[in-house]
Every structure is written in C-alpha cells, then in structure tokens.
Amino acid sequence: MRAVRNTDQGILVVEADEPEAPGVRLTVASAGICGTDVNFAAGGVQGYTYGHEFAGTAADGRCYAVEPTVYCGECDQCRAGHVQRCIAPEHGTLGIFRDGGMSDAVTVPENMLVPLPDGLDVRDACLVEPASVAWHGVRSAALTPGERVAVVGGGSIGLLAAAAIRQRGFDVDIEVRHKHQRIAAERLEVGSAEGAYDVVIDAAGSEAGLARCAELTRRGGRVVLLGVYQHTVPIPGVVSLVKELTYVHSIAYSRHDGIRDAEQAAALLAGNPTIAQTVITHRFPLDEAAEAFRVAGDRASGAIKVVLHP
C-alpha cells in the first residue's frame, strides 16, 4: 500500500507493508497536514508514516475519526481521564515517531475510534483531531459568563478554538496575520481583537504572538497556551509581572465525566458544517503529498488546513 514518509529526498509516497497490528482496519478517507508535520519534515525527521489527523471507514462501512493517543489506561493520569499525560513508556501519538494515517489503510486499537455523528463527512473528519486540541484548550480556559475572550493566531487551531468558544455561548475575537485568515474568521462570525480581554488563547506559537497575547490580556487575566514551543516558552517578563497574568498550559485532549474531548469536537463539526468548509482550504490526492506539504508550509499562499485523500 502507499504511505507518506519523509526521506533524504524530502516527502515521498512510498510502498509500505499492509497494516497487521491488532485492532480495527480503516480505509483512510482523509488525513490533515499539521504544522508539526511540516516542521518535522523540514527538520529531516524520518522513519515512520506521517499523519496524526485522520479518519476512515471500517470494513462494516462505519466511519470514524481517530483519537491517536497511545496510552496505558492503568496509571493514575489515565484513570483520571488525562490520557494525554500517561506516564507509561508506550505513551505517544500515532503519526509522531510511529506510523500514522497518511496511507491507504491503517489498523488502530478500538479505543481510538471516534464514531462520526450525523452531519460530519468522513472526508472532513480529519479535523476532529485538531478540533479536539482546540476544544480541550478552551475547556482548560475555564471561561465564566461575561468574560471577554480572544484568540491570537489564525491557523486551524486558532479558528477551531474560536469556533469552540462560540459554541459555548461566548463572543470571541481573533488576531490574524493574513487576509485569508480574516476572511475565514468572518465566515465563522469571529471579530477582530481590540481592547482588553479576560482570557486570550495563544494559537500562534511564536514569540511575537505570545507577546501580543500578554498585551491583549487584562490585569489579572489568563493566557492559555495552545501554541507549541520546542524549547523555552518566551513569556514576556515585565508585562506578565505587572499585570499578574496566569499562564495555563494545554496539550492534546482528554476525558471529563466519561466524555472525550474528541466526541465533543466531532459534535461541534457536525453541528456547524461551515467550520470544515472554512478551515479546509486545500485538498490533494495522496500521490501529491510533496506538493501538499509545500502548500501547507506556505501560510501566505492561502492555506489553513491542507488535507490528503488517498
């Protein structure tokens, strides 16, 4: 079967063995390219099939998104529902240093399957994974009625976070860098950031973006970190100190009261088809993975979420 891997010649579609691991075999219908994938490819990370945002169809015709977290289910963090904090050696993520879903087919454990609700097309369901990241971050923000909320960063996570905030009944503004991101925000009925906010979500993952978050946050407010920083988080010292800002970290997705963030993210997408129509800007066949990665890495070209379809 075909699989997308990074090589000495860059991203290529190569011939790989059919999946034989225990679990449910899915014929992959959609696989999103994450900023992490782009960065890993540019950095020369090799040795596995890429893709942690994917969805597909089982042999019985049922469609699923995949929650790609590998966890033990037995440690104290897993038992509390925080599978993203699993302490077992096997903890990790499909598509990150182990084979993922940018392929014709994949076999995954049954506990990774997220049944698709009515209204969510499997060709759009690769968005469930990034929407779960956004949903978890918004829930970690612990919003209370009447709070002003903003997002900094107009990529897929930022726009999905804004959509999740609106679904929870809050108005939300967003600060973006590119014109096409502003157009997307307007389609999602999200305003432009201006003034002071009780909560600001960092979806930029850059020093300049985080500085802007601190600038927008009111005294005593909260900044939620959804941006990924590989090394030191560049928290602006003086403004954070003077304002007594609180920084809340959020990664991946978990369970609360037995409900998965991924299930709620799928419901969010199913309930508002405009989200997928807006966030997915480019679609490529699997054989054009190299070009898809190039486009995904060029935000100024109009890309938000680039999706591969085997």
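Guide: Contact here means heavy atoms within 4.5 Å. The model is predicted.

Visitor: Which residues does Val138 touch, not counting residues up to four places away in sequence?

Guide: Val138 sits in helix H3, residues 128-140. Neighbours up to four places away in sequence are not counted. That leaves Leu143, Ala161, Ala164, Ile165, Arg168 and Ile201.

Visitor: Is Val138 buried or exposed?

Guide: Buried means under 20% relative accessible area. Val138 has 1% relative accessibility, so Val138 counts as buried.

Visitor: How many Å apart in space are Val138 and Ala162, C-alpha to C-alpha?

Guide: In sequence, Val138 and Ala162 are 24 residues apart. In space, C-alpha to C-alpha, the separation is 8.7 Å.

Visitor: What share of the contacts in the chain with a separation of 6 or more comes from residues 24 or more positions apart?

Guide: Take the contacts in the chain with a separation of 6 or more. Residues 24 or more positions apart account for 68%.

Visitor: How many helices and strands does the chain have, and what is its radius of gyration?

Guide: The secondary structure comes to ten helices and 19 strands. The globule rule gives 19 Å for 310 residues, and the chain is close to that, so it is as compact as a globular protein of that length. The C-alpha trace spans about 55 × 45 × 40 Å along its principal axes. The radius of gyration is 19 Å.

Visitor: What percentage of the residues of the chain count as buried?

Guide: The cut-off for buried is under 20% relative accessible area. Of the 310 residues of the chain, the buried share is 54%.

Visitor: What are the helix and strand percentages over residues 24-118?

Guide: The UniProt record, an unreviewed entry, annotates residues 24-118 as "domain: Alcohol dehydrogenase-like N-terminal". The end C-alpha atoms of this stretch are 21 Å apart. Its content is 13% helix and 33% strand.

Visitor: And what are those percentages over residues 125-308?

Guide: For residues 125-308, the unreviewed UniProt entry gives "domain: Glucose dehydrogenase C-terminal". Here the end C-alpha atoms lie 12 Å apart. The content is 42% helix and 23% strand.

Visitor: Which strand gives the most to the lining of the second largest pocket?

Guide: This pocket holds about 290 Å³ of space. Its lining has 19 residues, with Pro19, Ala21, Asp99, Val106 and Thr107 nearest the centre. By class, the lining has ten nonpolar, four polar and five charged residues. The most, four residues, comes from strand S8 (residues 105-108).

Definitions and conventions:
Residues numbered from 1 in each chain as written. Predicted model: local features only at pLDDT ≥ 70, side-chain atom pairs only at ≥ 80, totals over all residues. Heavy atoms only, no water. 1 Å grid on protein atoms, 1.4 Å probe; cavity = no way out; pocket = protein on both sides within 12 Å on 5 of 7 lines; lining within 4 Å. Points joined across faces, edges and corners; volume = space filled by probe spheres on them. Helix = DSSP H or I, 4+ residues; strand = E, 2+ residues; numbered from the N terminus. Nonpolar A, V, L, I, M, F, W, Y, C, P; charged D, E, K, R; others polar. UniProt positions renumbered as here; feature names shortened; annotations may be inferred. Rg over C-alpha atoms; globule rule 2.2 N^0.38 Å. Buried < 20%, exposed > 50% of the residue type's maximum accessible area, 1.4 Å probe, protein only.
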